[in-house]
Amino acid sequence: MGTDCLFCRIVAGEIPATIVRETATTLAFRDIDPKSPVHVLVIPKEHYADVATLAQGDPALAGEVLATAAVVAEEEGLLADGFRLMFNTGAYAGQEVFHAHAHLFGGAPLGPMLAR
């Protein structure tokens, strides 16, 4: 991917991020505009535009993103009260960065799943 992808630039170390977990294939870092007390983004290091292309192109890597999210949820103390894992895919879903990523939310009651 070219240097215009924000998350690819974070993976490359060109843009700083508060990293909470890194594996050989995934990176988890705090969102700069958190929507809950815990708001971590979990991404594959390899560029895929969204979760659909990730799942179709590399199902094992998609599973690694989920596994990383589960470990981060545990490390952040979210297992007892629960957490939300959300992928936005495309314009209707509000995807802003077109690099597959999961939002891990928790640390407080999250309210309804969708705004009305």
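In this predicted model, strand S3 sends Val38, Val40, Val42 and Pro44 to one side and His39, Leu41 and Ile43 to the other, and all of these residues are buried. Side chains in a regular strand alternate between the two faces of the sheet. The S3 strand spans residues 38–44, and seven of its seven residues are buried.

**Strand S3 and its partners**

- S3 pairs with strand S2 (residues 26–30) in the antiparallel sense, over five bridges.
- Within that pairing, Phe29 has Leu41 of S3 as its bridge partner.
- S3 and S5 also run antiparallel, and five bridges join them.
- Here Val38 has Gly106 of S5 as its bridge partner.

**His101**

- His101 lies in the loop that connects strand S4 (83–87) to strand S5 (102–106).
- The relative accessible area of His101 is 6%, which is under the 20% cut-off, so the residue counts as buried.
- From its side chain, His101 reaches the backbone oxygen of His99 at 2.6 Å.

**The chain as a whole**

- The protein chain holds three helices and five strands, and their order along the sequence is α-β-β-β-α-α-β-β.
- Its radius of gyration is 14 Å, close to the 13 Å from the globule rule for 116 residues, so the chain is as compact as a globular protein of that length.
- Taken along the principal axes, the C-alpha atoms of the chain fill a box of roughly 40 × 30 × 25 Å.
- Among contacts in the chain with a separation of 6 or more, 51% are between residues 24 or more positions apart.

**Burial and surface**

- Buried residues make up 34% of the 116 residues of the protein chain.
- The chain exposes about 6800 Å², of which carbon and sulfur atoms supply 57%.

**Annotated domain**

- The UniProt record (unreviewed entry) places the feature "domain: HIT" at residues 6–115.
- Over residues 6–115 the chain is 27% helix and 24% strand.
- The end C-alpha atoms of residues 6–115 are 27 Å apart.

Technical notes. Residues are numbered from 1 along each chain as its sequence is written. This is a predicted model: local features need pLDDT of at least 70, side-chain atom pairs count only at pLDDT 80 or more; totals for chains, interfaces and linings use all residues. Side-chain values use heavy atoms; hydrogens and water are left out. Helices (H or I, at least four residues) and strands (E, at least two) are DSSP runs, numbered from the N terminus. Buried means under 20% relative accessible area, exposed over 50%, partly exposed in between (1.4 Å probe, protein chains only). A polar contact is a pair of N or O atoms within 3.5 Å; within protein, one must be able to donate a hydrogen and the other to accept it, and residues adjacent in sequence count only if both atoms are side-chain atoms. The radius of gyration is taken over C-alpha atoms; the globule rule is 2.2 Å times the number of residues to the power 0.38. Contact means heavy atoms within 4.5 Å. Accessible areas come from the Shrake-Rupley method with a 1.4 Å probe; for residues, only the protein chains shown count as cover. UniProt positions are given in the numbering used here, feature names are shortened, and annotations may be inferred rather than shown by experiment. Two strands pair if DSSP finds at least two bridges between them.
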